[in-house]
Amino acid sequence: MKQINRLSGSKWIGILLVAYVIMELFIFLRLSYRLRSGMDIHRFESYQTMSFLLHLLLGIFIVWLFWKERKETIQKNALLFDLEQLTLRHFTLFDNNLYLALVVNNDGIITETNKRVNDVLGDKVIGFHFEHLLYHKETSKSLENFEDVLEGIMVDSTEIIRDKHGNPVYLEYKSIPIVIDGKTNGACVIAKDITEKKKMEEDMKKDLELATILQQSVLCKPLVTETVHIEGQYIPANNIGGDMYVWYKISDHQYGVLIMDVMGHGVSAALVSMSIRALLEGLIVRVQDPVLVIETLNAHMHKLFNDHTNSLQFFTALYAVADTKDMNLTYINAGHPPGLLIQTGKTEHLNSNCVPLGILEEIKPTAEKLPLKDSAQLILFTDGLLENISISAMNTAVHQVKETVLANSNLDSQGVLQILLKDTETNKQDDISFLKMVISK
Amino acid sequence: MKVIKKALIDILAINEEITIKNNEQFRITMGKFLNESESNLILDLSHVSYLNSSGLGVIADGAMKARKNGKELVVAGITPPIDEIFEIVKFNTFMELFPSLDQAENYFEQKAQ
């Protein structure tokens, strides 16, 4: 902004007018003296002419000064008007802003507040140090942040303040130093109220925690008999996911085990898996035959989720029935990573022999049968486990699972998983399930 | 993800991994591809090294939808490392899979004869 000239025209005019009056007085006195003491007429005439010229010049000069003064006044008024307008605009913005906005001085005392601040904090704000607003002074970073602001640094941070009713208000704020002539002269603080957002986040977190507990609670408890021992582990990627496993005793010599992995993860996958889970006990215990079980699951999945939706939903599954009388294992693997049947001397891979369930309207799966020796271990898992061990080479990961189980056959599923997941970076991107069935006769 | 139009074949070439980040985009692109193509469609995964289960879903769905509309979608580029996942899900039982783009194109050319 242009600095308005201190020594304005009117001061000059005043000085000149005074000088003029003094000069006139002097001339008059001198003239009357000279007239009284006799002055010749020519001299008087030239004296008058000179006086007239002088007056004229002076007159023009005074008019010019007046004109300049007026111009400056008009300019000054125009500048003042603009300044007023600018101030009014900015003040309107400040005062009516939906965010909380306030100004503090270098001592941290609040000097200005906008309407929002007064709505939230009441009227006793101006004149107080901002630390009086803090909800948890001990854990607050704002006092530290303020020191940075005084150095001229703009700071983004969060804070909890106490509103006029004493309730906590969560804020995301920006503290901007006001720098004039290179020196900080207080700061302007603009804050967004994120209390509602935080509350919603807390509510969602609680909901998710409940859902997680629910999902874990429907998992089958370990099944222990004289001949079999079945147990497993489920570690969802984000508290909740689309993996599921079940096992049931079908008869005194038959046991059915099923592991499944719904496409995708999170809440939607969990909903699908819980919905399918409801069918499993009935299918395994009553229908029993692997081909019928798998066909039914496919038909159900295809109809329920794929008649109307835009995107395809499906799940992979491995279903195996162990017969401890006939000593064999019958299985169907629908698009799932291979299961491992570890017996003394050799390991067999239960490879995929069917498409995942839900894609095709109708499928015709065939079950495969493997003989069981006196002692055998069936290991089933989902691809989340393999990806954690080796993101690219599935075969390598499967091999490592096999070797770890072989080297630790006395350990349960939890123990084996601990070893397998020990050296991996736990950026669990997929749910991990692991199931171990030990048959010993 | 770009579409190449040839005389009798439309090709959708993917040049990146298909993960949770671009899965939705893949689904939308596939939808557009299915609608705007003639009858012979090739999904070229030659430059894809990873695709997640949702990606597989999009492909299976694509094949089904194509068939429903009298078109055919095949997949090219089934080589390591993604050949493993296609082997497990047995998609070859309901759609054609080819190791290279050339073989996929040959398939349609021979069909036309």
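Leaving aside its neighbours within four places in sequence, with which residues is A:Thr330 in contact? The partners of A:Thr330 are A:Pro290, A:Ala320, A:Val321, A:Ala367 and A:Lys369, where a contact is a pair of residues whose C-beta atoms, placed from the backbone, lie within 7 Å. A:Thr330 itself belongs to strand 11 of chain A. Strands (E, at least two residues) and helices (H or I, at least four) are DSSP runs numbered from the N terminus. A:Thr330 counts as partly exposed because 19 other C-beta atoms lie within 10 Å; a residue is buried at 20 or more such atoms, exposed at 12 or fewer, and partly exposed in between, with C-beta atoms placed from the backbone. Between A:Thr330 and A:Arg286 there are 44 residues of separation in sequence and 16 Å in space, C-alpha to C-alpha.

The structure is a predicted model, in which local features need pLDDT of at least 70, side-chain atom pairs count only at pLDDT 80 or more, and totals for chains, interfaces and linings use all residues. Residues are numbered from 1 along each chain as its sequence is written, and chains are lettered from A and ligands numbered from 1 in the order in which they are written.

**Overall form of chain A**

Chain A contains 10 helices and 16 strands. Its C-alpha atoms fill a box of roughly 160 × 45 × 40 Å along the principal axes. The radius of gyration of chain A is 46 Å, whereas a compact globule of 441 residues would have a value near 22 Å; the radius is taken over C-alpha atoms, and the globule rule is 2.2 Å times the number of residues to the power 0.38. Of the 441 residues in chain A, 30% are buried. Among contacts in chain A with a separation of 6 or more, 60% join residues 24 or more positions apart.

The domain assignment divides chain A into domain 1 (9-96), domain 2 (100-193) and domain 3 (215-440), with bounds that come from an automatic or database assignment. The C-alpha centres of domain 1 and domain 2 of chain A are 54 Å apart.

**Nonpolar cores**

A nonpolar core is a set of buried Ala, Val, Leu, Ile, Met, Phe, Trp, Tyr and Cys residues joined through C-beta atoms within 7 Å. The largest one has 97 residues, and those touching the most other members are A:Val257, A:Leu258, A:Phe315, A:Ala317, A:Tyr319, A:Ala320 and A:Leu378. Apart from this core lies another, of 19 residues, including A:Leu102, A:Phe146, A:Ile161 and A:Ala191.

In helix 4 (residues 142-150) of chain A, the residues A:Ser142, A:Phe146 and A:Val149 are buried. Seen down the helix axis, the buried residues of helix 4 of chain A fall within an arc of 55°, so they line one face; the arc is that of the directions from the helix axis to the C-beta atoms. They pack against strand 3 (155-162), strand 4 and strand 5 of chain A. The face turned away from this buried side carries the exposed residues A:Glu144 and A:Glu147.

Helix 10 (residues 413-420) of chain A has A:Ser413, A:Val416, A:Leu417 and A:Leu420 as its buried residues. These residues of helix 10 of chain A line one face of the helix, since they fall within an arc of 100° when seen down its axis. Their cover includes strand 7 (228-235), helix 8 (383-389), helix 9 (394-407) and strand 16 (432-440) of chain A. On the face turned away from the buried side of helix 10 of chain A are the exposed residues A:Gln414 and A:Gln418.

**Backbone features**

Most residues other than glycine have a negative phi, and most peptide bonds are trans.

| Residue | Phi |
|---|---|
| A:Asp181 | near 55° |
| A:Met327 | about 55° |
| A:Gly152 | about 100° |

A:Asp181 lies in the loop between strand 4 (168-180) and strand 5 (183-193) of chain A, and A:Met327 in the loop between strand 10 (315-323) and strand 11 (328-334) of chain A. In chain B, a cis peptide bond with omega of about 0° joins B:Pro80 and B:Pro81.

**Contact between the chains**

In all, 14 residues of chain B are in contact with 15 residues of chain A. Helix 2 of chain B gives the most to the side of chain B that touches chain A, with five residues.

Key:
Contact = placed C-beta atoms within 7 Å.
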